[in-house]
Amino acid sequence: SVFLSKAAVRMRMTVVMMRTPFLSPLSTAEDVNVSVVQIMQIEADRSDDDSEEPTPGPSTQGQPNKGRGLRWWATPLTPDLAQFEHEDETELDRNGWTPLNYFEQSGDPLNTSVDEVYHFFGACILMSCIRYPTIRMYWSKALRITAITDRFTRDRFFRLRGSIKVLIGDDVPEDLTKRDTFWKVRPFLDQILQGCKSQNRPECASIDEQMIPFTGACPCRQYLPMKPNPVGIKNFVCATADGIVLDFDLYQAITTTIKVDL
């Protein structure tokens, strides 16, 4: 404890009361002594903090003075580095492998057949004619369509939908991939186009734009707000008065070439 004389107490009373608002004019000498000890301890702690050199941290310039803020102290970084061990090349060296090689080694076989793929595309065409908000609704108890549900389970349909590939990308020339935006599905489109051209052509036909609804990732996706389906792929269609498509060509920006077959 610290003991002060009465004179010293009177001289320090005003200063202590100004620095310690919790004191009152009725405080005793012992209260003042305790307050002086606390003030001395706080000033000692501040002097110790000022003597240390803090590591540069976030700047507080231009901000209101609310306390001393945050202080950062640097700590040495000792990362745990794993030693790399070089492995000799073996027969499983994968340099020059194609995606098909990886699939043949570790891919899960689809175990499908031509008949199953045939019915899969038929189910997709039927879904485009009888539209539901979501594909899963075709297997619901109230809205199920037996032509689809009797042939596929829901999980099997989604498995085929996410696994079927129309062609192998390594077999396509590089110049064709740059010239044709729809080269990944071009064989499938050619089969549909061949069926359209095999239809009987009347004397009168109409040529107009058609929007194929599509909201996925595609560089040729268009937005036409005046169409019933504003977002999709634009298609130039030649059709009869009954709506039967005789010919079509997908829009590919400046690379679109319309062939006229007279």
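1. In the protein chain, among contacts with a separation of 6 or more, 39% join residues 24 or more positions apart, where contact means heavy atoms within 4.5 Å. This is a predicted model, in which local features need pLDDT of at least 70 and side-chain atom pairs count only at pLDDT 80 or more, whereas totals for chains, interfaces and linings use all residues. Residues are numbered from 1 along each chain as its sequence is written, and side-chain values use heavy atoms, with hydrogens and water left out.

2. The secondary structure of the protein chain comes to eight helices and four strands, and from the N terminus on the order of the elements is α-α-α-α-α-α-α-α-β-β-β-β. Helices (H or I, at least four residues) and strands (E, at least two) are DSSP runs, numbered from the N terminus.

3. Of the 262 residues in the protein chain, 19% are buried; buried means under 20% relative accessible area, exposed over 50% and partly exposed in between, with a 1.4 Å probe and protein chains only. The chain exposes about 21300 Å², of which carbon and sulfur atoms supply 56%, the areas coming from the Shrake-Rupley method with a 1.4 Å probe.

4. The largest pocket holds about 2300 Å³ of space. Here a pocket is, on a 1 Å grid over the protein atoms alone, an open set of points where a 1.4 Å probe fits, with protein on both sides within 12 Å along at least five of seven lines, and lining residues have an atom within 4 Å of a point. The volume is the space filled by probe spheres set on the points. Of the 47 residues that line this pocket, Cys124, Phe188, Ile212, Pro213 and Phe214 are the closest to its centre.

5. Which element gives the largest share of the lining of the largest pocket? Helix H4 does, with seven residues, while among the other elements that each supply at least two are helix H8 (186–197) and strand E1 (206–213). The lining divides into 34 nonpolar, nine polar and four charged residues.

6. Eight aromatic pairs are found in the whole structure; rings of Phe, Tyr and Trp (its six-membered ring) pair if their centres lie within 6.5 Å, and planes under 30 degrees apart count as stacked, over 60 as edge-to-face and the rest as tilted. The rings of Phe120 and Phe121 are edge-to-face because their planes stand at 70 degrees, with centres 5.5 Å apart. Phe120 is buried, at 5% relative accessible area, whereas Phe121 is partly exposed at 27%. Both belong to one aromatic cluster, which also includes Trp139 and Phe188.

7. Phe236 and Tyr251 also form an edge-to-face pair, since their centres are 6.2 Å apart and their planes lie at 70 degrees. Phe236 lies in strand E3 and Tyr251 in the segment after E4, so the pair ties together parts 15 residues apart in sequence.

8. Asn111, in the loop between helix H3 (99–106) and H4, has a phi near 55 degrees, a positive value in a residue other than glycine. Most residues other than glycine have a negative phi. Asn111 is exposed, with a relative accessible area of 65%.

Methods
Nonpolar A, V, L, I, M, F, W, Y, C, P; charged D, E, K, R; others polar.
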